[in-house]
Amino acid sequence: IFAVDNATEWHRENLQMNGYKHYSALGAVGPSALASIQSMGAGVYFNVPKLKQGEAKYALIEVPRLCSELREWKNLYISGRLQKPVAT
């Protein structure tokens with residue numbers, strides 16, 4: 001789980017560095033739309049690409065949303081994910 005300050009900027013940089021290979025068809029909508037879609041529900045963009053050796057799936061959440069979820073438990077998605085082994 002990556003906690004970032006600005007999801008739009010993170011998606012923009014990720015698209016520039018990796019192209020669309022880290023995204024489903026959603027990658028075609030661009031970084032602002034991705035961040036808007038991410039803000040719905042649990043506030044997480046969870047990417048599960050076709051993994052090759054050494055690659056990993058990842059999730060992206062903005063820092064304020066993560067802190068809010070860990071304090072207030074409005075949505076149990078992130079707290080549930082953190083019950084699994086994570087590297088910090």
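Author: Start with contact, which means heavy atoms within 4.5 Å. The model is a predicted one, where local features need pLDDT of at least 70, side-chain atom pairs count only at pLDDT 80 or more, and totals for chains, interfaces and linings use all residues. Residues are numbered from 1 along each chain as its sequence is written, and side-chain values use heavy atoms, with hydrogens and water left out.

Reader: Which residues is Leu26 in contact with, leaving aside its neighbours within four places in sequence?

Author: Leu26 is in contact with Leu34, Ile37 and Tyr45. Leu26 itself sits in the loop between H1 and H2. Helices are DSSP runs of H or I with at least four residues, strands are runs of E with at least two, and both are numbered from the N terminus.

Reader: Why is Leu26 called partly exposed?

Author: The term covers what lies between buried (under 20% relative accessible area) and exposed (over 50%), with a 1.4 Å probe and protein chains only. Leu26 has a relative accessible area of 30%, so it is partly exposed.

Reader: How do you know where Ile37 is relative to Leu26?

Author: Their C-alpha atoms are 9.2 Å apart in space, and the two residues are eleven apart in sequence. Ile37 belongs to helix H2. Not counting residues up to four places away in sequence, Ile37 touches Leu26 and Val29. With a relative accessible area of 35%, Ile37 is therefore partly exposed.

Reader: What makes Ala35 count as buried or exposed?

Author: Its relative accessibility is 12%, so Ala35 counts as buried. Ala35 is another residue of helix H2. Neighbours within four places aside, its contacts are Ala7, Thr8 and His11. Its C-alpha atom is 9.6 Å from that of Glu62, 27 residues apart along the chain.

Reader: Which residues of H1 and H2 meet?

Author: Ala7, Thr8, His11, Arg12 and Leu15 in H1 meet Pro31, Ser32, Leu34, Ala35 and Gln38 in H2. This contact of H1 with H2 is made up of five nonpolar residues, four polar and one charged. Ala, Val, Leu, Ile, Met, Phe, Trp, Tyr, Cys and Pro count as nonpolar, Asp, Glu, Lys and Arg as charged, and the others, Gly among them, as polar.

Reader: Why is Ile1 given the class it has?

Author: Its relative accessibility is 47%, so Ile1 counts as partly exposed. Ile1 is in the segment before strand S1 (2-4). Beyond residues up to four places away in sequence, Ile1 touches Ala59, Ile61, Ile78, Arg81 and Leu82. The C-alpha atoms of Ile1 and Phe46, 45 residues apart along the chain, are separated by 8.6 Å.

Reader: How do you know whether the chain agrees with a compact globule?

Author: For 88 residues such a globule would have a radius of gyration near 12 Å, and the chain has 13 Å, which agrees. The rule is 2.2 Å times the number of residues to the power 0.38, and the radius is taken over C-alpha atoms. Of the 88 residues, 33% count as buried.

Reader: What elements are there in the chain?

Author: There are four helices and three strands. Along the sequence they follow the pattern β-α-α-β-β-α-α.
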